[in-house]
Amino acid sequence: MCMFHRREMGLNRDHNKRTTQTNGSESAVDPPVLRISQLDALELDSALEQLLWTQFTQCFQNCRPGLLTPMEPELKALLYLLLWRFTLYSSNATIGQSLLSLRYQSTSSSSPHYRPLSRRQKLGLAILTAGPRWLQERSYRLLPCLALSPRGAVSESDGGLLQQSLRKALTLVSGLAKFATFVNFLVFLRNGRHPVLPERIAGAQAVFSKPNVVRDVTYQHMNRELLWHGFAEFLIFLLPLVNLRKLKAAVLLHVLGRKDSEEEGTREGKDMWKNCGLCGEWPTMPHTVGCQHVFCYYCIKSHSIADAYLTCPKCGAEAGTPNVVKMDMQVVGR
């Protein structure tokens with residue numbers, strides 16, 4: 001991608017030099033727009049449409065589920081037309097193009113100056129962009145209306161020959177449209193104009209909105225992202241190796257002091273037989289590891305298997321072999 005970008009930058013500089021040499025004083029020919037800039041503008045427009053749709057659906061999150069599903073294709077087309085009205089129709093540029101200092105111009109005229117799109121071109125661009133999307137999403141509902149199943153099975157009750165012809169025609173048109181889109185993208189990679197088919201059909205071409213604007217790519221944001229990703233991966237690798245319980249016990253012993261730990265142990269002396277030192281619940285099959293605290297058998301066994309140098313999380317004493325707690329029971333008569 002970097003080599004591709006540097007090659008286009010070199011072509012732009014050569015084009016500017018040739019234009020300056022041929023025209024002399026004032027240059028009326030604008031430098032060509034980078035292919036990556038046109039593709040980035042399309043990605044920004046798509047992200048904005050998705051963001052607008054997400055914000056719109058959140059307005060109905062407290063309603064019953066599936067409320068917008070029957071009207072979803074029509075609502076998406078309506079939101080796109082709303083964006084088109086206040087961006088492309090009014091300023092000859094989409095949101096993504098405005099962020100990259102681009103705009104549309106008409107290719108129908110041979111004038112060397114800027115030629116804005118006509119109303120017919122703007123309307124055609126909107127219909128050619130939103131129409132196929134709506135038709136593709138609504139085709140699952142249109143097929144049952146034509147007595148066809150969603151999988152294309154022919155209904156035998158209403159003339160199977162006509163329905164089969166319609167189904168084949170829809171499949172053929174869809175395939176031709178995808179093939180034309182693919183061929184148009186290959187042509188765009190060759191000459192750097194019209195990245196999408198609706199632009200070529202409507203006669204709209206992306207140009208710079210400011211004279212001699214060349215995109216300057218900085219890698220500061222990329223370097224920052226790589227640094228944070230590397231730091232996050234390092235933490236993911238390091239955190240499982242840290243014994244948080246042992247670290248907490250060491251902090252309680254050396255930072256807060258042994259007296260605080262002893263006072264806390266004195267306060268809990270009466271209730272230490274009622275709570276497990278690890279899970280805090282009533283001890284199940286109580287065991288001890290050499291100190292005065294009691295643990296569940298499964299708690300202390302699993303922790304001792306995971307950590308060979310396990311220490312008591314309450315007092316910090318080194319844990320020995322778990323032993324069953326022996327208690328003297330006294331039967332009191334009634």
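A: Asn184 has a relative accessibility of 4% and therefore counts as buried. Here, buried means under 20% relative accessible area, exposed means over 50%, and partly exposed is in between, with a 1.4 Å probe and protein chains only. The model is predicted: local features need pLDDT of at least 70, side-chain atom pairs count only at pLDDT 80 or more, and totals for chains, interfaces and linings use all residues. Residues are numbered from 1 along each chain as its sequence is written, and side-chain values use heavy atoms, with hydrogens and water left out.

Asn184 belongs to helix H7, which covers residues 160-191. Helices (H or I, at least four residues) and strands (E, at least two) are DSSP runs, numbered from the N terminus. When neighbours within four places in sequence are set aside, the contacts of Asn184 are His194, Pro195, Val196, Leu197 and Arg200; contact means heavy atoms within 4.5 Å.

The phi of His194 is near 60 degrees, a positive value in a residue other than glycine. Most residues other than glycine have a negative phi.

Ser101 also has a phi near 60 degrees, again positive in a residue other than glycine. Ser101 sits in the loop between helix H5 (95-99) and strand E1 (102-106). With a relative accessible area of 18%, Ser101 is buried.

Helix H3 (residues 72-86) has 15 residues, so at 1.5 Å a residue it should span 21 Å; its end C-alpha atoms are 22 Å apart, which agrees. The expected span is 1.5 Å times one less than the number of residues. The buried residues of H3 are Pro73, Leu75, Ala77, Leu79, Tyr80 and Trp84.

Next come the rings. The charged end of Arg85 sits over the ring of Phe86, 5.6 Å from its centre, and Lys122 lies over the face of Tyr89 at 5.4 Å from the ring centre. A charge sits over a ring if NZ of Lys or CZ of Arg is within 6 Å of the ring centre and within 35 degrees of the ring normal.

The whole structure holds six aromatic pairs. One of them, Tyr297 with Tyr298, is edge-to-face, at 5.4 Å centre to centre and 75 degrees between the planes. Rings of Phe, Tyr and Trp (its six-membered ring) pair if their centres lie within 6.5 Å; planes under 30 degrees apart are stacked, over 60 edge-to-face and the rest tilted. Tyr297 is partly exposed at 27% relative accessible area, whereas Tyr298 is exposed at 57%. Elsewhere, ring pairs link Trp53, Phe56 and Phe60 into a cluster.

For the chain as a whole, the secondary structure comes to 12 helices and four strands. Of its 334 residues, 26% count as buried. Among contacts with a separation of 6 or more, 54% join residues 24 or more positions apart.
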